[in-house]
Amino acid sequence: MDKSIVVYGSQYGATERYARRIAEGLGCETVPADRIRKGQLAGYRTVVFGGGVYAGSVAGWKKIAPQCAAAGGRGWILFVCGLADPAKEKTQNEARMLFEKRLPAALAGKPPVFCLRGGIDYPKLRTKHRVMMAMLAHFLRRKKDPSEEDRQLLATYGGKVDFFDPASADAVIAAARNETD
Ligand SMILES: Cc1cc2nc3c(=O)[nH]c(=O)nc-3n(C[C@H](O)[C@H](O)[C@H](O)COP(=O)(O)O)c2cc1C
């Protein structure tokens, strides 16, 4: 049985960067979620899956979740890559919820979930995503009591931000090593 694999869903490369860093730490390969075949992940002792957060879903997770469910979550480590601040409990709770809504209830709280911070480059967004972000900014500008996060999003809206923090991936690497040992 192969030891570990890092699978990712990434639209603009931030999650892929973290996936590569984690795979480097584990000495294993990285494969995009859309290249994973049905049942393929059953051959690994440890699977790290990470995806970019897109308005209530995690890129690639819809396809990969059934294989995590089939393994009963054993040996699986999950992470999201989003703009939300990983230090906030709300970000962590939401990340877990995004994964668990596609898993059987019995797996609630089972696989460890990590939050890593990505970035955004507005001029590079595809039309669909640009429109979604424009709608969000429009909504936030009219909000009576915007949160600190709302204000931060508006302050960077239209520009480029990159929160990539390679050291934040160390916790994912450690958790995966723990599963493999
Ligand atoms: C249309 C759109 C929706 C997004 N929704 C969220 C969100 O709900 N929560 C969040 O933390 N980040 C959100 N983001 C930010 C992305 O998660 C962030 O850009 C991340 O780095 C993307 O990873 P990727 O480059 O691997 O696809 C959104 C970005 C776009 C373009």
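Guide: Helices (H or I, at least four residues) and strands (E, at least two) are DSSP runs, numbered from the N terminus. The model shown above is predicted, and local features need pLDDT of at least 70, side-chain atom pairs count only at pLDDT 80 or more, and totals for chains, interfaces and linings use all residues. Residues are numbered from 1 along each chain as its sequence is written.

Visitor: How many helices and strands does the chain have, and what pattern does the chain follow along the sequence?

Guide: The chain has six helices and eight strands, and, read along the sequence, their order is β-α-β-β-β-α-β-α-β-β-α-α-β-α. The radius of gyration (taken over C-alpha atoms) can be set against the globule rule, which is 2.2 Å times the number of residues to the power 0.38. Here the radius of gyration is 17 Å, close to the 16 Å that the rule gives for 181 residues, so the chain is as compact as a globular protein of that length.

Visitor: What share of the residues counts as buried?

Guide: A residue is buried if 20 or more other C-beta atoms lie within 10 Å of its own, exposed if 12 or fewer, and partly exposed in between, with C-beta atoms placed from the backbone. In this chain of 181 residues, 31% count as buried.

Visitor: Which residues have the most contacts inside the largest nonpolar core?

Guide: A nonpolar core is a set of buried Ala, Val, Leu, Ile, Met, Phe, Trp, Tyr and Cys residues joined through C-beta atoms within 7 Å. The largest one has 40 residues, and Ile22 and Phe79 have the most contacts inside it. Among the elements that each supply at least two residues of this core are strand E1 (2-9), helix H1 (14-26), strand E5 (76-82) and helix H6 (170-180).

Visitor: Which residues is Phe79 in contact with, beyond its neighbours in sequence?

Guide: Two residues are in contact if their C-beta atoms, placed from the backbone, lie within 7 Å. Leaving aside neighbours within four places in sequence, Phe79 is in contact with Gly50, Val113, Phe114, Cys115, Leu116 and Val172.

Visitor: Which residues of H1 are buried?

Guide: An α-helix has 3.6 residues a turn, so residues three or four places apart point the same way. In H1 the buried residues are Ala14, Thr15, Tyr18, Ala19, Arg21, Ile22, Ala23 and Leu26. Just after H1, Gly27 takes a positive phi of about 65°.

Visitor: What is the phi of Ala55, and is Ala55 buried or exposed?

Guide: Most residues other than glycine have a negative phi, and most peptide bonds are trans. Ala55, although not a glycine, has a positive phi of about 40°. Ala55 lies in the loop between E3 and strand E4 (57-58), and Ala55 is exposed, with 9 other C-beta atoms within 10 Å.

Visitor: Where does Leu98 lie, and which residues does Leu98 touch?

Guide: Leu98 lies in helix H3 and counts as buried, because 20 C-beta neighbours are inside 10 Å. Not counting residues up to four places away in sequence, Leu98 touches Val53, Ser57, Val58 and Val80. The C-alpha atoms of Leu98 and Val58 are separated by 6.8 Å, although the two residues are 40 residues apart along the chain.

Visitor: How many residues surround the ligand, and which are the closest?

Guide: A residue is near a molecule if its C-beta atom, placed from the backbone, lies within 6 Å of it. The ligand is surrounded by 23 residues, of which the closest are Ser10, Thr15, Gly52, Gly82 and Gly118.
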